[in-house]
Amino acid sequence: MMCAYLLKPEKKEHGWLYRMSERGFDGILHVYEAGLKIVLRHQFITLMVMFGTIALTGYLYVIIPRASFPSRTPD
């Protein structure tokens with residue numbers, strides 16, 4: 001009984017900021033869904049790209065000279 005008294009019914013009409021942000025979220029969701037469909041359609045290619053990225057990262061870690069990284073000197 002107290003909840004029915006204290007809680008107000010939700011307004012059906014939202015403000016312009018809510019509507020714009022909801023439209024933006026729906027757009028992001030649409031882009032994500034389209035990308036996910038492409039990835040799921042080409043699973044083997046996606047897996048090979050992932051392995052290639054890992055291999056390239058390891059290769060670059062080995063060949064980049066250590067002198068290009070800043071070194072900490074004791075104070």
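1. Salt bridges. In this predicted model, the count of salt bridges comes to two. One joins the side chains of Arg-19 and Glu-13, and the other joins those of Glu-33 and Lys-37.

2. The Arg-19 and Glu-13 pair. Nitrogen and oxygen lie 3.3 Å from each other in this salt bridge. Arg-19 has a relative accessibility of 40% and is therefore classed as partly exposed. Glu-13, at 58%, counts as exposed, because the exposed class begins over 50% relative accessible area.

3. The Glu-33 and Lys-37 pair. Here the N to O distance is 3.7 Å. Why are Glu-33 and Lys-37 separated by about one helical turn? They are four residues apart in helix α2, which covers residues 16-41. Glu-33 is partly exposed at 40% relative accessibility, and Lys-37 is partly exposed as well, with a relative accessible area of 48%.

4. Secondary structure. The protein chain contains three helices and zero strands. Read from the N terminus, the order of elements is α-α-α. Helix α2 spans residues 16-41, and helix α3 spans residues 43-63.

5. Overall dimensions. The radius of gyration of the protein chain is 26 Å, whereas a compact globule of 75 residues would have one near 11 Å. The C-alpha trace spans about 70 × 50 × 30 Å along its principal axes.

6. Separation of Arg-66 and Lys-8. These two residues are 58 residues apart in sequence, and their C-alpha atoms are 64 Å apart in space. Arg-66 belongs to the segment after α3. With a relative accessibility of 46%, Arg-66 counts as partly exposed.

7. Burial and accessible surface. What share of the 75 residues is buried? The figure is 0% for the protein chain, where buried means under 20% relative accessible area. The chain exposes about 7900 Å², and 71% of this is supplied by carbon and sulfur atoms.

8. Nonpolar patch. Which residues make the nonpolar surface patch of about 790 Å²? The contributors are Phe-44, Ile-45, Leu-47, Met-48, Val-49, Met-50, Phe-51 and Ile-54. One of them, Met-48, lies in helix α3. Met-48 has a relative accessible area of 38%, so this residue is partly exposed; the patch rule asks for over 30% relative accessible area.

9. Charge. The protein chain carries 9 positive and 6 negative side chains. The centres of the two sets lie 2 Å apart.

10. Points to keep in view. For the surface, the entries to check are the nonpolar patch of about 790 Å² and the two salt bridges.

How values were computed: Residues numbered from 1 in each chain as written. Predicted model: local features only at pLDDT ≥ 70, side-chain atom pairs only at ≥ 80, totals over all residues. Heavy atoms only, no water. Patch = residues over 30% accessible without salt bridge, like charges linked within 9 Å, V, L, I, M, F, W, Y side chains within 5 Å. Areas by Shrake-Rupley, 256 points an atom, 1.4 Å probe, with all protein chains shown as cover. Salt bridge = Lys/Arg side-chain N within 4 Å of Asp/Glu carboxyl O. Helix = DSSP H or I, 4+ residues; strand = E, 2+ residues; numbered from the N terminus. Buried < 20%, exposed > 50% of the residue type's maximum accessible area, 1.4 Å probe, protein only. Rg over C-alpha atoms; globule rule 2.2 N^0.38 Å. Lys, Arg positive; Asp, Glu negative; His and termini not counted. Charge placed at Lys NZ, Arg CZ, Asp CG, Glu CD.
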